[in-house]
Amino acid sequence: MTQQQLAESGHENRTSSLSYIQPKADSPWLTYLAQVDRVLPHLGRLARWGETLKRPKRALIVDIPIEMDDGTVRHFEGFRVQHNLSRGPGKGGVRYHPDVTLEEVMALAAWMTIKNAAVGLPYGGAKGGIRVAPAELSHKELERLTRRYTSEIGIIIGPQQDIPAPDVNTNAQIMAWMMDTYSMNVGATATGVVTGKPIPLGGSLGRVKATGRGVFVTGSEAIRRLGLEVKGLRIAVQGYGNVGGTAAELFAKAGAVIVAVQDHTGTLSNERGIDVAALARHVEERHGIAGFDGAERIADTDFWNVRCDVLIPAALEGQITAERARGTTAKLVLEGANGPTLPAADDIFASRGILVVPDVICNAGGVTVSYFEWVQDFSSFFWDEDEINARLDKILGNALARIWDTADRLGVSLRTAAFAVACERVLQAREERGLYP
Ligand code: NAD
């Protein structure tokens with residue numbers, strides 16, 4: 001990484017004090033550490049527990065050997081990190097991606113600690129991942145990979161210990177295999193060990209679209225508070241998967257115009273608005289937006305300069321650099337993805353008066369309905385979708401209002417305010433529980 005790229009990230013000379021990782025300069029773990037440093041001055045006497053936030057409680061690295069369909073054996077790296085369990089069992093998704101690393105999973109687990117506390121869910125933060133390109137595996141190979149991974153991390157997960165869920169490239173089918181594998185190993189059907197399951201296996205109505213719905217709910221409230229209207233707003237969406245696709249669909253239904261989308265296969269733009277239902281059908285069939293004929297293909301780098309009012313990053317972390325933050329015409333950024341904005345870009349958004357609804361509240365709809373699913377599994381009593389959506393909207397609305405008030409009171413960004421609310425809850429729990437032994 002060059003000096004200029006370093007300055008663009010906002011990580012500058014930041015390092016980790018942990019000996020077991022050597023984070024690269026663009027590491028999401030460094031982004032997370034920078035976000036923690038910004039909140040510590042606001043935590044008063046609880047700041048003495050600050051180091052707790054800067055290291056994961058537990059990180060498990062596993063080898064996942066599987067037999068491929070052609071008879072060869074391949075090994076994959078798997079991870080499960082429990083960042084903090086002060087407020088309850090670990091909760092967080094599992095990602096299948098060729099770029100997954102321990103430090104990425106550590107950052108994602110830490111953001112789950114913050115998210116669960118910011119929303120007030122009774123969980124700690126955890127995350128998992130496998131370093132794999134799942135599209136290169138057959139259905140059976142994917143099943144063997146998932147089952148072996150679940151067995152390997154089975155020593156630390158469980159309905160009362162740590163509850164995985166879907167994330168990038170994982171879905172209800174993978175959750176079903178995880179639930180079955182864990183259940184076989186413990187000798188009893190344990191539906192509460194994962195969330196995001198198929199409905200007949202104890203899944204919850206509304207879970208699939210919950211994260212995108214949360215982006216829409218928190219985003220609409222931010223739009224209202226900015227004195228704007230959703231109708232007619234021009235929106236650019238990066239990532240057209242579960243989160244980005246659902247958010248685009250709901251905003252389009254409310255009258256917004258989706259002017260640009262980007263995924264790993266390319267970038268599309270249409271000044272008059274993209275037909276999101278047609279695009280969703282295309283993505284379902286072709287596994288990407290490339291080749292869709294209802295919009296013009298543009299260069300990937302041009303996505304960040306498209307004329308728009310709202311930018312929704314809903315792909316991977318670290319996407320919004322200082323340069324991209326300087327180039328955008330958006331007035332509002334809704335973080336569907338986890339960790340999409342680098343600290344230097346956050347500063348530029350602040351100086352340009354661009355509001356960021358941070359990931360830890362904006363995309364918290366998924367874990368909130370996961371919480372509903374876990375509660376429903378324990379009582380074996382299932383709610384209808386209207387009830388789920390009403391409870392979701394209420395929880396997110398209240399959490400956003402509290403964070404907004406905190407931002408006004410402290411004179412900080414919504415991100416630092418969300419961290420302030422969350423870190424206070426986590427460190428208060430830490431202090432009240434005391435150190436064992
Ligand atoms: P997904 O696998 O359904 O979709 C990921 C999307 O990102 C795809 O459209 C993919 O093409 C795109 N993408 C991948 N690499 C890209 C690149 N280099 N450039 C542009 N686009 C790229 O995943 P998802 O569940 O929608 O997750 C997206 C983000 O939302 C992640 O950051 C995830 O951690 C976060 N998130 C997901 C959930 C959930 O419930 N699924 C909850 C909270 C946060």
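Let me start with the side chains of Asp167 and Arg95, which meet in a salt bridge with 2.7 Å from N to O, where a salt bridge is a side-chain nitrogen of Lys or Arg within 4 Å of a carboxyl oxygen of Asp or Glu. This is a predicted model, in which local features need pLDDT of at least 70 and side-chain atom pairs count only at pLDDT 80 or more, while totals for chains, interfaces and linings use all residues. Residues are numbered from 1 along each chain as its sequence is written, and side-chain values use heavy atoms, with hydrogens and water left out.

Back to the pair: Asp167 lies in the loop between strand S5 (162-166) and helix H5 (172-186), and Arg95 lies in strand S3 (residues 90-97), so that the bridge links distant parts of the chain, 72 residues apart. Helices (H or I, at least four residues) and strands (E, at least two) are DSSP runs, numbered from the N terminus. Both Asp167 and Arg95 are buried, and by that I mean under 20% relative accessible area, with exposed being over 50% and partly exposed in between, using a 1.4 Å probe and protein chains only. Arg95 and Asp167 also belong to a network of salt bridges that links them with Glu104, Lys127 and Glu317.

Asp180 counts as partly exposed because its relative accessibility is 28%, and Arg147 counts as partly exposed because its value is 25%. Glu221 forms a salt bridge with Arg225, with the closest N and O atoms 2.9 Å apart; these two are four residues apart in helix H6 (residues 207-225), and are therefore separated by about one helical turn.

Turning to the domains, the assignment gives domain 1 (55-188) and domain 2 (210-362), with bounds that come from an automatic or database domain assignment. The centres of the two domains, taken over C-alpha atoms, are separated by 27 Å, and their contact takes 12 residues from domain 1 and eight residues from domain 2, where contact means heavy atoms within 4.5 Å.

Gly202 sits in the loop between H5 and H6, and counts as buried because its relative accessible area is 7%. Leaving aside neighbours within four places in sequence, Gly202 is in contact with Lys197, Glu373, Asp377 and Phe382. Of these, Glu373 is 171 residues from Gly202 in sequence, yet the C-alpha atoms are 7.5 Å apart in space.

Finally, what does helix H14 (residues 414-433) cross? The axes of helix H2 (residues 28-39) and H14 come within 9 Å and cross at roughly 80°, with axes being lines fitted to C-alpha atoms, for helices over the stretch in contact, and angles running from 0 to 180 degrees between N-to-C directions. H2 and H14 are therefore roughly perpendicular, given that 65 to 115 degrees counts as roughly perpendicular, under 35 as roughly parallel, over 145 as roughly antiparallel and the rest as oblique. Among the residues making this contact are Tyr32 of H2 and Phe419 of H14. Helix H13 (residues 385-410) also meets H14, their axes coming within 8 Å and crossing at roughly 105°, which makes H13 roughly perpendicular to H14.
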